Amino acid sequence: MTDRPFKALVVNEEENRTFTRGIAWKQVSDLPEGDVLVSVHYSSLNYKDALSASGNRGVTRKYPHTPGIDAAGVVEWSGSEKFGKGDGVIVTSYDLGMNTAGGFAEYIRVPESWVVPLPQGMTARQSMMFGTAGFTAALSVYRMMAGGVKPGDGDVLVSGASGGVGSIAVSILALLGFSVTAVNGRKDETDYLKRLGANSVISREEAENPGSPPLLRERWAGCVDTVGGDILATAIKSTRRNGVVTCCGNAASFQLPLNVYPFILRGVSLVGIDSQECPMPLRTEIWKSLAESWGRIPIESFVTEIPLDGVSEAIDRMLAGQHKGRTLVKI
Ligand SMILES: NC(=O)c1ccc[n+]([C@@H]2O[C@H](COP(=O)([O-])OP(=O)(O)OC[C@H]3O[C@@H](n4cnc5c(N)ncnc54)[C@H](OP(=O)(O)O)[C@@H]3O)[C@@H](O)[C@H]2O)c1
C-alpha cells in the first residue's frame, strides 16, 4: 500500500507541561503497525478524549498524540482475512485514542481484534452518534436486564442523565417501557430529559444522602449510574430487594461510601461496566441491538455534528462542564 498524507488533530506537549492542539498533516507510515487501515468517516467526542487532549497521563502517556477513542468508516487496506477493502467497520475501545493514534484523523490503523463489522442497517454516521457513550449506556441497560430487572418492576434511576451515557440510557430505558427517574444537576435540563422519555427528574441533592444509614427506603427497581460517589451509594441503599445497579463512571467521585448491608440483606447486585475490554461476542450483540430496536431512540435530537477542526473547541467546552448530549465528528 502506498504512503499518503492525511489530516489529524494532534496534541503536543510544550515546555512546563502545557498542551497545545491543532490540525496537522500526517503520513499513513506514521501510524502504528496494524492489520487493518480504516478511512475514518465519523468519530465522536467522549470525556476520555478531553482527558487525553489535556495531558492526563492516566489516559495518554506520550505526546504528540491524536486522541479519539471512537471511529467508524471503511476499510482501505487489510492484512486480515476477516476484513476486506470497502467493508464498513466500527472501531472503539481497547487502546484506540489512548496510546494508539485515534479517530480524530482521516485514517487509523489497528489490530483486527479491535474491529467490529458495521451491523446491517446501520451507517457509520449512526454508529458514531452512539459511539462509546451509547455503547456503554446500552451495555449498562443490557446488564441490568440480564440481572432480572424488567419494565413494570418499578422506577429505575439514571444519574448524570444529561450527559452522553445518561441521555442514551434514559432514552433506551424509556423506549423499552421502563419508568425512568433522571438525576440532573449542572443546570435544569428537565424539559430535555422529559423529551427523552424520563417520567420524573430529581436534583443531585435529592439523589444523594451523605452519612445516611446503611439502608434507605426501597425506591428503585434498578439503576444506571454514571457518576459514582454519594449518588451511587445512595442509589444502592435505596434499591429494592434483588434489584440491579450498574456502575460505569466517576463524573462525581471515584469513592463509594457504603457497607455490605444492601448486598447481604436485600440481595442488591452491583454490576461493573467496562466498555473498553468488553468481550467481542457481547460487543457485537450490543452493537446489533443499537442497529436494530434499541437504535430507534430519537438520538438525532441530542446530537451536535461538528467538523474535525471544531473538535478542539468542543473539548474545551467538555472540560468546562458545558457539554450536553452527544457530539458527532464528521471527518
Ligand atoms: N466504564 C466505561 O466503559 C465507560 C465508558 C464511557 C464513559 N464512562 C464514564 O462515564 C461517565 C459519564 O460519561 P459521559 O460521556 O456521559 O460524560 P458527560 O457527557 O460529561 O456526562 C457526565 C454527566 O454527569 C453529571 N455530572 C458531572 N459532574 C457531576 C458531579 N460533580 N456530580 C454529579 N453529577 C455530575 C452531569 O449530568 P447532569 O448535569 O445531568 O447531572 C454530566 O452531564 C464518565 O465518568 C466517563 O468517564 C465509562
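## Lining of the largest pocket

Four elements each give at least two residues to the lining of the largest pocket: α1 (47-53), α2, α3 and β9. α2 spans 124-146, α3 spans 164-175 and β9 spans 179-184. The model is predicted.

The largest pocket holds about 1,300 Å³ of space. Its lining counts 44 residues. Closest to the pocket centre are Tyr47, Thr226, Gly249, Asn250 and Ala251. Sorted by class, the lining has 19 nonpolar, 20 polar and five charged residues.

## The ligand in its place

What takes up the space of the largest pocket? The ligand does. Around the ligand stand 25 residues. Ser162, Val165, Cys248, Ile273 and Ser275 come nearest.

Three elements each supply at least two residues of this shell: α2, α3 and β9. These three also each supply at least two residues of the pocket lining. By class, the shell has nine nonpolar residues, 13 polar ones and three charged ones.

## Backbone contacts to the ligand

Which backbone atoms lie by oxygen atoms of the ligand? Gly163 has a polar backbone atom 3.3 Å from an oxygen atom of the ligand. For Ala251, a backbone N or O atom lies 3.5 Å from a ligand oxygen. Ala251 is also one of the residues closest to the centre of the largest pocket.

How much of the ligand's accessible area does the protein cover? On its own, the ligand has 930 Å² of accessible area. The protein covers 81% of that.

## Two backbone details

Most residues other than glycine have a negative phi, and most peptide bonds are trans.

Pro64 sits in the loop between α1 and β4 (70-78).

The other is Tyr94. Where does Tyr94 lie? Its place is the loop between β5 (88-92) and β6 (107-110).

Key. Residues are numbered from 1 along each chain as its sequence is written. This is a predicted model: local features need pLDDT of at least 70, side-chain atom pairs count only at pLDDT 80 or more; totals for chains, interfaces and linings use all residues. Side-chain values use heavy atoms; hydrogens and water are left out. A residue is near a molecule or strand if one of its heavy atoms lies within 4 Å of it. A polar contact is a pair of N or O atoms within 3.5 Å; within protein, one must be able to donate a hydrogen and the other to accept it, and residues adjacent in sequence count only if both atoms are side-chain atoms. Accessible areas come from the Shrake-Rupley method with a 1.4 Å probe; for residues, only the protein chains shown count as cover. On a 1 Å grid over the protein atoms alone, a cavity is a set of points where a 1.4 Å probe fits but cannot get out, and a pocket is an open set with protein on both sides within 12 Å along at least five of seven lines; lining residues have an atom within 4 Å of a point. A molecule sits in a cavity or pocket if more than half of its atoms lie within 2 Å of its grid points. Ala, Val, Leu, Ile, Met, Phe, Trp, Tyr, Cys and Pro count as nonpolar, Asp, Glu, Lys and Arg as charged, and the others, Gly among them, as polar. Grid points are joined across faces, edges and corners, and a volume is the space filled by probe spheres set on the points.
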